[in-house]
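Welcome! Take a moment to look at the sequence and the structure, and then we can walk through some of its parts together.

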Amino acid sequence: MEYTQAEILQTVAMTEMEHLDVRTVTLGLNLLDCASSSMSETAERAREKIERVAARLVPIVDGIGDEIGLRIANKRIAVTPISLITEGSKGDPTEVARAIDQAAATVGVDFLGGYSALVPKGATQSEREFIDSIPEALSTTQRLCSSVNVATTRAGINMDAVAQVGRMLKDAAERTRDRGGLACAKFVCFANAVEDNPFMAGAFHGVGEAEAVINVGVSGPGVVNYAVRRAAPNQPLHELAELIKKLSFKLSRAGELIGREAARRLGIPFGIIDLSLAPTPVPGDSVAEIIEAMGFERAGTHGTTAALALLTDAVKKGGAMASGSVGGMSGAFIPVSEDAAMIEAARVGALSLDKLEAWTSVCSVGIDMVAVPGSTSAETLAAIIADEMAIGVMNNKTTAVRIIPVPGGSVGEMVEFGGLLGSAPIMAVNSFSSTEFIRRGGRIPAPIHSLRN
């Protein structure tokens, strides 16, 4: 489909869009050729390759944003899951963590994702040691983000890995006690992780991808919120869905224009456009406000799962109409700490952990940026993750958990993470134990509908 820069600018002006930005231009980079028998050499090879390939990323992307007149909020890098390149190396994998974090600082990107492991069916000893290294890696770096994929519809749920992640989160929180457990905000646990996700903290460059690609993440909750609030209060829901779909179409075309131009100037193939409504703490730039504008007193009350399903589906349809390169998550994100209206809904009791879990059956990710008391046990954290992984596995969709057990924090208190991560009310967890279930370990088998061959 052909389009012009003028068309995009006219669209922006015509619809009076608020808070429209391209949330991220993310360089995906393969580091498999950096592996060696020495961890120090692997780290140095990875650092050198990132600095060489990404040297022009930030100035080129900033220049395009200035020319077109759309804000590009973040420049990011996603790399091959690091556990794959450290598998045969002797030494401490946090050497690689610090080296690639240094490279990210050198080239000037905001975040680097991919300190990751893929263990949905089982893990090697090296991968188990790698997961145990995540707390130190995240607590001693600035830009690094991490993820572990513990489940797929095809493999089931690796409950040994789920339990390990629960213990790892407690360690990561304690190491950043003075910052509210901030290390946990840079980690996400996945079911059915996608290989071309440009959004942090879960971005990594999958082994099925090209050597290097440019992926773009467009966000526009403020735009959709503006339009829905100005729609007629009695407008039927199917017409509201059509309105959102058309806005998503326009947003996707704007994002693809920037992505393809960045790819051309960098001499790197264009990958995908991910249109995901990703909120920020800025008032109005909120997924929860979109839901409320459909006719609810507060996000989280009865009926809001249906509203979120409508929103997510309309976003996906609009993106798919606009581009043949839609990928990533493409839908709606629900990070509590990053959405002002969601924070308020949680604070007044309209939004609970159980309702968030229900929402994740229809949105793009899962329980995201949720703060819980620091006294929450590793087994309870693992059980929350297991529930979310089950939703993803049984529904053949991506789900995720980014949860922060705030050291010393109690229910109702607020914790500040800063920047895009925002602040969050500490939410209650169920007080009854799941310990014996988690300690069984093993694997929850893949569902029968995984047998599709």
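Helices here are DSSP runs of H or I with at least four residues, numbered from the N terminus. With that in mind, please remember that this is a predicted model.

**A helix and what follows it**

Helix 14 covers residues 378-395, which makes 18 residues. From its first C-alpha to its last it reaches 26 Å, close to the 26 Å expected at 1.5 Å a residue. Is helix 14 mostly covered or mostly open? It is mostly covered, with 13 of its 18 residues buried. Just after helix 14 comes Asn396, which takes a positive phi of about 55°.

In soluble globular proteins, nonpolar side chains tend to be buried together. In this model, the largest nonpolar core has 133 residues, and Ile77, Val150, Ile214 and Leu311 touch the most other members. Helix 9 (residues 237-266) gives the most to this core, namely 10 residues.

Let's pick out Leu311. Which residues does Leu311 touch, not counting residues up to four places away in sequence? They are Val224, Ile244, Leu277, Val287, Ile290, Met294 and Ala332.

**Two paired strands**

Strand 7 (residues 212-219) pairs with strand 8 in the parallel sense, over four bridges. Within this pairing, Val218 stands opposite Leu275 in strand 8. Strand 8 (residues 270-275) is mostly covered: six of its six residues are buried.

**The largest pocket**

The largest pocket has a volume of about 500 Å³. It is lined by 33 residues, and the closest to its centre are Met200, Ala201, Glu338, Arg402 and Leu421.

Strand 10 provides the largest share of the lining, three residues.

**A serine in a loop**

Finally, find Ser37 in the loop between strand 1 (21-29) and helix 2 (39-53). Why does Ser37 count as exposed? Its relative accessibility is 56%, and exposed means over 50%. Leaving aside neighbours within four places in sequence, Ser37 is in contact with Gly88, Ser89 and Lys90. Ser37 and Glu87 are 50 residues apart along the chain, and their C-alpha atoms are separated by 9.0 Å.

Key: Residues numbered from 1 in each chain as written. Predicted model: local features only at pLDDT ≥ 70, side-chain atom pairs only at ≥ 80, totals over all residues. Heavy atoms only, no water. Core = buried A, V, L, I, M, F, W, Y, C linked by side-chain atoms within 4.5 Å. Buried < 20%, exposed > 50% of the residue type's maximum accessible area, 1.4 Å probe, protein only. Contact = heavy atoms within 4.5 Å. Expected span 1.5 Å × (residues − 1). Pairing = 2+ DSSP bridges. 1 Å grid on protein atoms, 1.4 Å probe; cavity = no way out; pocket = protein on both sides within 12 Å on 5 of 7 lines; lining within 4 Å. Points joined across faces, edges and corners; volume = space filled by probe spheres on them.
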